[in-house]
Amino acid sequence: MALAREKRGTQMNILGIETSCDETAAAVVRDGREVLSNTVFSQIPLHKPWGGVVPEIAGRSHVEKIGGVVDEALSSSGLAPGEIDAVAVTFGPGLSASLIVGLNAAKGLALALGKPLYCVNHIEAHLHTPFLSASAPDPLSVGRMLGLAVSGGHTAWIDMPRYGEYRIIGQTLDDACGEAFDKAAKLLGLGYPGGPVIDRIAKTAKSRASAAFPKCSPRPGTDALGGLDASLCVSFSGLKTSLLYRVRNSPPQGEDEVAALAASYQDAIVDAVAVRTARALKRGGYAALTVGGGVSLNSALRERLARVAADAGVRLLLAEPRYCGDNAAMIAGLAFYRRTLEGAAAFSADIVPSLRPGAEAAH
Ligand code: KG4
Ligand code: ZN
């Protein structure tokens, strides 16, 4: 395990690059936690007409924007290029057409600056986001953590016995929870991305849908579990299908009925995530729950996780809203502590679109 320590105690400025999906991002972070700049160009308007991320459009837009985004991150950090000590980049998981742009840009930049290159895992980086704050503890001092990654591409419960060690103990067997929000919003005619709008509309609901949504439990004994404990895994595809049939069989009439459906659907996702988080924490030994990913912006989920953590007697570590979605501060921050690939391995690395947390330098 590559847990970096060599520059601890002195200042280390890392420039991070993130292009795994539809955000072109660059940031400069000092010593893993102090964010000097954080530039994010969001492609949401480009993908909105299609109701989801179109990989070819994402890749092309990254190519157009990456140079300007890196320049902006560097200049707003207040540092000169010579003060950058290393470059860090996401090499997976993500969309191939997107990842490749960031990885190549990072290699070129590190070569031009004559600095080391570190490749890190995007999901591990999401779990670092609660530490990007002056009031956050040093991740090395927290003790055993449960990581919860909830985004548009991922939903996973990750055991972190020590900072820099990751083992998936539960996950979605099909859609990610952000995807479940996005698909529901499409079915309800609410636009893209779905999470923020469902979050907002659910708050206005005066009632809940007449029939409950399914519990998001995987089919017992399904091979898709791959040896994981079924009680820590979720399946969101049945939930989405249930909404599809409801909307088809009795289309909601007016804003109140749409809000009731959206709120009940959100309840089902929040409940599924919270119940599994509570179960995982019950295994014991955890000092904290660290949460990352775009869906961790969800207000109902944040409230529910606060109760889950309090009941389990663990510290809840939530990211500031600006670091919940994809960004490069989390890449530069994590790389201070952990590099999946570094040295020659980083410069010869290829993207790994299905990279799992905890994967080591076998790529
Ligand atoms: O982490 P992220 O920016 O990108 C990925 O790595 O996937 O997450 C994007 C996802 C989208 O599915 C979006 O609908 C969801 O996060 N999201 C939310 C909220 N804000 C963003 N989901 C629920 N409630 C929100 N407030
Ligand atoms: Zn992400």
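Predicted model: local features only at pLDDT ≥ 70, side-chain atom pairs only at ≥ 80, totals over all residues.
Five strands form an open sheet with mixed pairing, and their order is β3-β2-β1-β4-β5. At the edges stand β3 and β5, each of which pairs on one side only. From one strand to the next, the twist averages 20 degrees. In general, the strands of a sheet pair through backbone hydrogen bonds, and they do so in either a parallel or an antiparallel way. Here β1 and β2 take the antiparallel sense, with six bridges between them.

Helix α2, made of residues 55-77, lies across β1, β2 and β3 and runs at about 25 degrees to β2. Helix α3, residues 96-113, also packs on the sheet, where it touches β1, β4 and β5. The direction of α3 makes about 160 degrees with that of β4.

A further helix, α10, covers residues 329-337, and nine of its nine residues are buried. Among them are Met330, Ile331, Leu334, Phe336 and Tyr337. What covers these buried residues? The cover includes the strands β1, β2, β3, β4 and β5, together with helix α4.

Which residues hold the zinc ion (ligand 2)? The zinc ion is coordinated by His122 and His126, each through NE2, and by Asp326 through OD, at 2.0 to 2.1 Å. Along the sequence, these donor residues follow the spacing H-x3-H-x199-D. His122 and His126 lie four residues apart in α4, so about one helical turn separates them. Both histidines, His122 and His126, are buried.

One last stop is Asp199, which has its place in helix α6, residues 194-203. Is Asp199 buried or exposed? Its relative accessible area is 10%, and buried means under 20%, so Asp199 is buried. Leaving aside neighbours within four places in sequence, Asp199 is in contact with Gln266, Leu297, Asn298, Ser299 and Ala300.

Key. Residues numbered from 1 in each chain as written. Chains lettered and ligands numbered in written order. Heavy atoms only, no water. Donors = N, O, S within 2.8 Å, 3.2 Å for Na, K, Ca; no water. Helix = DSSP H or I, 4+ residues; strand = E, 2+ residues; numbered from the N terminus. Buried < 20%, exposed > 50% of the residue type's maximum accessible area, 1.4 Å probe, protein only. Contact = heavy atoms within 4.5 Å. Pairing = 2+ DSSP bridges. Axes fitted to C-alpha atoms, helices over the stretch in contact; angles between N-to-C directions.
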